[in-house]
Amino acid sequence: MAMATTASTAAHTSLASVTLEVPDPEAARRFYTAFGVDAYVRLRASEAHSTGFRGFTLALTVSGPATVDSFVGAAVDAGATVLKPAAKSLWGYGGVVQAPDGTIWKISTSAKKDTGPATREIDEVVLLLGVEDVKATKQFYVGRGLSVARSFGGKYAEFTADESSPVKLALYKRSGLAKDLGVPADGTGSHRIVLGSTADTFADPDGFAWEAAAPLAPTPS
């Protein structure tokens, strides 16, 4: 009976929310509102020790280069630091910024040219966890009931997002993710992020914490 209960619980696990642990929630709330991503994250006070790379990034996908520039500009105006200036690349156009609380955000588009004016619309938000062993961690999450949407060997894995989730979950090799963001891969202490689970509380092989949490309430129109 216990095994049946465990399997049932795992089958219903999905990402319901993302909570950033910050030293000053009110200041962080002002920043994320100005940045334009406040609907996607929760905030709570924490003085947990953390140094270097926290092992994750939140990635915004938008429609075109002008919109990338708009989000990067809003973040910088609100106090963010530019880690990688927005620029063209083989895959499109994008840049990386770090919020005052230390969270790293990547804003990108697959389009290399604008087909219209800049907007403040976000097509997709992905939480990329930097892990030591993508294959092993992918199997861990499959065991928790998540479904794999895309997978590229030991480099990257993306999970199917639940309709109620504001953020999609993906895995990236930690060293590769740090290189992509333009930061050293070394880091110790708290990740300063908590993932809301529709099931129970647990931690993954890289120490990312999940807590039982209700889905985010819809943003008032």
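**Burial, salt bridges and fold by definition**

Reader: Why does Asp101 count as buried?

Author: The relative accessibility of Asp101 is 9%. Buried means under 20% relative accessible area, exposed means over 50%, and partly exposed lies in between (1.4 Å probe, protein chains only). With 9% set against that cut-off of 20%, Asp101 therefore counts as buried. One thing to keep in mind: this is a predicted model, so local features need pLDDT of at least 70 and side-chain atom pairs count only at pLDDT 80 or more, while totals for chains, interfaces and linings use all residues. Residues are numbered from 1 along each chain as its sequence is written, and side-chain values use heavy atoms, with hydrogens and water left out.

Reader: What makes Arg54 and Asp101 a salt bridge?

Author: A salt bridge is a side-chain nitrogen of Lys or Arg within 4 Å of a carboxyl oxygen of Asp or Glu. The closest N and O atoms of Arg54 and Asp101 are 4.0 Å apart, and the pair is counted as a salt bridge. Arg54 sits in the loop between β3 (50-52) and β4 (56-61), and Asp101 in the loop between β6 (93-98) and β7 (104-109), so this pair ties together parts 47 residues apart in sequence. Arg54 is buried too, at 14% relative accessible area.

Reader: How many salt bridges does the structure hold?

Author: There are nine. Glu124, Arg150, Glu158 and Lys168 are linked in a network of them.

Reader: What separates Glu26 and Arg29 in helix α2?

Author: About one helical turn, because they are three residues apart in that helix (residues 25-35).

Reader: Is Thr19 buried or exposed?

Author: Buried, as its relative accessible area is 10%. Thr19 has its place in strand β1 (residues 15-22). Beyond its neighbours within four places in sequence, Thr19 is in contact (heavy atoms within 4.5 Å) with Arg42, Leu43, Arg44, Arg192, Ile193 and Val194.

Reader: Which helices and strands does the chain have, and how many?

Author: It has five helices and 15 strands. The radius of gyration is 17 Å, close to the 17 Å that the globule rule gives for 221 residues, so the chain is as compact as a globular protein of that length. That radius is taken over C-alpha atoms, and the rule is 2.2 Å times the number of residues to the power 0.38. Helices (H or I, at least four residues) and strands (E, at least two) are DSSP runs, numbered from the N terminus.

Reader: What share of the 221 residues counts as buried?

Author: The share is 43%. Among contacts between residues at least 6 apart in sequence, 65% join residues at least 24 apart. Along its principal axes the C-alpha trace spans about 55 × 40 × 40 Å.
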